[in-house]
Protein chains: 2
Amino acid sequence: MANNEKLVDQITSMDEDFAKWYTDICKKADLIDYSSVKGCMIIRPYGYAIWENIQRILDTRFKELGHENVYMPLFIPESLLEKEKDHVAGFAPEVAWVTMGGNERLTERLCVRPTSETLFCEHYANIIRSYRDLPKLYNQWCSVVRWEKTTRPFLRSREFLWQEGHTMHATAEEARAETVQMLNVYADFHEKDLAIPVVKGCKTPSDKFAGAEDTYAIEALMHDGKCLQAATSHYFGNGFAKAFDITFTTKENTVAHPYQTSWGCTTRMIGGIIMTHGDDNGLVLPPAVAPIQVIIVPIAQHKPGVLEEAEKIRAILADAGIRVRVDDSEETPGWKFAEYEMKGVPLRLEIGPRDMENRQCVLVTRYNREKSIAPLEGIADTVKEKLQAAHDGMYKKALENRIRRTYDCHTLEEISEALKNGDGFVRAMWCGDEACEDRVKEVTGVGSRCIPLEQEKLSDRCVCCGKPAKSLVYWGKAY
Amino acid sequence: MANNEKLVDQITSMDEDFAKWYTDICKKADLIDYSSVKGCMIIRPYGYAIWENIQRILDTRFKELGHENVYMPLFIPESLLEKEKDHVAGFAPEVAWVTMGGNERLTERLCVRPTSETLFCEHYANIIRSYRDLPKLYNQWCSVVRWEKTTRPFLRSREFLWQEGHTMHATAEEARAETVQMLNVYADFHEKDLAIPVVKGCKTPSDKFAGAEDTYAIEALMHDGKCLQAATSHYFGNGFAKAFDITFTTKENTVAHPYQTSWGCTTRMIGGIIMTHGDDNGLVLPPAVAPIQVIIVPIAQHKPGVLEEAEKIRAILADAGIRVRVDDSEETPGWKFAEYEMKGVPLRLEIGPRDMENRQCVLVTRYNREKSIAPLEGIADTVKEKLQAAHDGMYKKALENRIRRTYDCHTLEEISEALKNGDGFVRAMWCGDEACEDRVKEVTGVGSRCIPLEQEKLSDRCVCCGKPAKSLVYWGKAY
């Protein structure tokens, strides 16, 4: 255990300094490295493998729902970005501009895409003619750039990886249904695959995406009580379609503008995984996206037959579709235990001479360190059950944290009082007035996160002005 | 057939104008669209699905050989690009420069990556310490930018998609073996999956990658007799390692620089597919990467049971792992035949009332339009055989074209004479002198393509100067 303790010492504890604990995990679990490009991160193999698992699961779901992948240019000419007024106002201050090609100054600046609505719209104007061309259900996996001042790995970086869905529909209802459908896909993915409970809601008008009529988001509560916007889905109406002159001939032979959505999620989700499930021993990965689901650690591996048995178990688990690896390196078992705890591998399987005699092995679940003995007979089924139990337990633990840190408040004083127990979600009624929204933030420090789709009535009065309330709002401090 | 002929009329014939035929296919087969971003293309769903199939096959092979995916930043600071002198000399004239972030001028220009050797080297300097850290076998899928003056879809665009492998090894032999191994992976992929025969060879010194000791490439002959460099693999020695101060402690406890490779292939391969297999009816796709391998066209689809039978066959083929679709739209069968010929779907399956009575269907292979009758009993096996036969036939046809257009020459006059029959590969001996290489190009118009790994001795004399020859060289006009 000496080695184990030594490795654990390498990361700052969560309670001591949550921000440092976070970046320690990013580095020590080999997720990222820094480079000389300020604000951009290197995603290392272990971190990228998590992203590949996320991509595979989401891409499959998108395609099952009829979406197709495309690739749009990396650059947007300044004049194209300017076509939709709200959009350019929102993004122009935070884009990177290409002004030189080789040794020549460009006649028009090109921005490195911060998002691709404008490019999709230009293309849609070319290819949409008739109602028969609708809906268009396109998605793109790529990197985008936003020139942030303060950056943190995964949570906020100048370049990040994401997917952006962009769809066009004949009617507003159909586009609205798509917006909500994709919000539900994200919520479902977070709960079923990432074991992260989320609140589905609508952003307040002041917090909408630049150019959108409505912005929906899923909001999750991190271990430190701060909130993470984990994915968004926007309904655009036909504003962009008008700005980009996209029209189609309807069934009734009239000419109309189609209705549009966009929706996206990013590598930020990896930050959400770290801050929801991680602990003072390192990362804790949800089984569905863990690059290694089971690590087999041979005990007394130089004794006859141990490595062979470990390999036999590996083959059985791999055949059952489990992502599994044996660590037969020269390091001590204690070192290996600490290493794979740091890397958040959901399940450890130990096998040694004594276990072999008894035709059993030891299983240790990462998130709660629960240890059990399992017969080698039927080990694949046992491991699958343990992985499912790990997912369920992680979800429950995260939900309990959220419930413990969710405060129902009726006055600004109640909010300030509640937050003395630590940051969290504040639930309070709102009149719909932006002045009240600003004042809540000013007085209590928490901003509006979302207007949840599942409304409740905590009272009839706005938490701020006391006038009649319109909606229940989730408030919190945001990453 | 009237409809069919009409659609076919839409593309320029190959013999009339090969370049226009090529761009016609890119557009009419829905592979790409242009945008207002000069030199960048939009890859549409049908084109992108080909790329996804290419990615899936290659990524699996890379991983089987122990490679891991990572993601490096999009930007390279000017000072980092300048660290290796040959490298910056080769790339600086053709990069796009970011000079503004938001409203602020950057203190140092950033280039949009044209390739990522410098970023990988900076990272490797951070993470390689000991021989135990070697080899490092990294790969990245991303887009890169090169500010080309003349652009064509897939073949040469300012932005393109690619993969770039970057590996580090303890010894020169190991790095050399990796370079050749990856060249073989590319060659094998082209022959087994894309049905494109290739020549494996080494570039002449004047044609090496900027900073490489040796550049290997696979070269393919297009339908018009011009050559396409389809993928490259570079051996760097330890030049970059020295420039970036990458060192490791050897087993013998000395300090050494590791040896490096990089290798890449791009969306250009889709251009290679078009120009190797396409014909005057449109695209012809190799089954391994075709988004749709079999299109089922119901005949007299309003007759009872036809659509149900078509759907039944679709389900049987899909269950057998075949990418299959039914077109039950209102268009005529003739229109559908032409449409899927344009899109290069390898196999068409027609099913109508008469066929159903006889428990059979009609199969038409795209590349040679061969028609046959097949019993519905065992249709999945029959279809698989037909797809394999299509691949084999396409490969054979492409190889025959190459053989027919390959000319063995002993003098410059023989080269000029041979090329009167049309462009092609010229095989001729070379003394190794760059002046002769230049003169061959000046006099005959063909440049050196590669020094093939499989050497033959056509004569003892250089085709140009008549002095003793060192190597057989493939010459040709390049895309």
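Predicted model: local features only at pLDDT ≥ 70, side-chain atom pairs only at ≥ 80, totals over all residues.
The secondary structure of chain A comprises 15 helices and 23 strands. With a radius of gyration of 25 Å, close to the 23 Å that the globule rule gives for 479 residues, chain A is as compact as a globular protein of that length. The C-alpha trace of chain A spans about 80 × 55 × 50 Å along its principal axes, and 61% of the 479 residues of the chain count as buried. Among the contacts in chain A with a separation of 6 or more, 69% are accounted for by residues 24 or more positions apart.

In chain B, helix 6 (residues 117–127) is largely enclosed by the rest of the structure, because nine of its eleven residues are buried. The buried residues of this helix include E117(B), L119(B), F120(B), C121(B), H123(B) and I127(B).

Four cavities of 30 Å³ or more are present in the structure, and the largest cavity contains about 70 Å³ of space. The lining of the largest cavity includes I295(B), F337(B), Y340(B), E341(B), R348(B), V364(B) and R369(B). Helix 11 (333–342), strand 17 (347–351) and strand 18 (360–365) of chain B are the elements that each give two or more residues to this lining, and the largest share, three residues, comes from helix 11 of chain B. When grouped by class, the lining of the largest cavity has six nonpolar, one polar and four charged residues.

Terms used: Residues numbered from 1 in each chain as written. Chains lettered and ligands numbered in written order. Heavy atoms only, no water. 1 Å grid on protein atoms, 1.4 Å probe; cavity = no way out; pocket = protein on both sides within 12 Å on 5 of 7 lines; lining within 4 Å. Points joined across faces, edges and corners; volume = space filled by probe spheres on them. Helix = DSSP H or I, 4+ residues; strand = E, 2+ residues; numbered from the N terminus. Nonpolar A, V, L, I, M, F, W, Y, C, P; charged D, E, K, R; others polar. Buried < 20%, exposed > 50% of the residue type's maximum accessible area, 1.4 Å probe, protein only. Rg over C-alpha atoms; globule rule 2.2 N^0.38 Å. Contact = heavy atoms within 4.5 Å.
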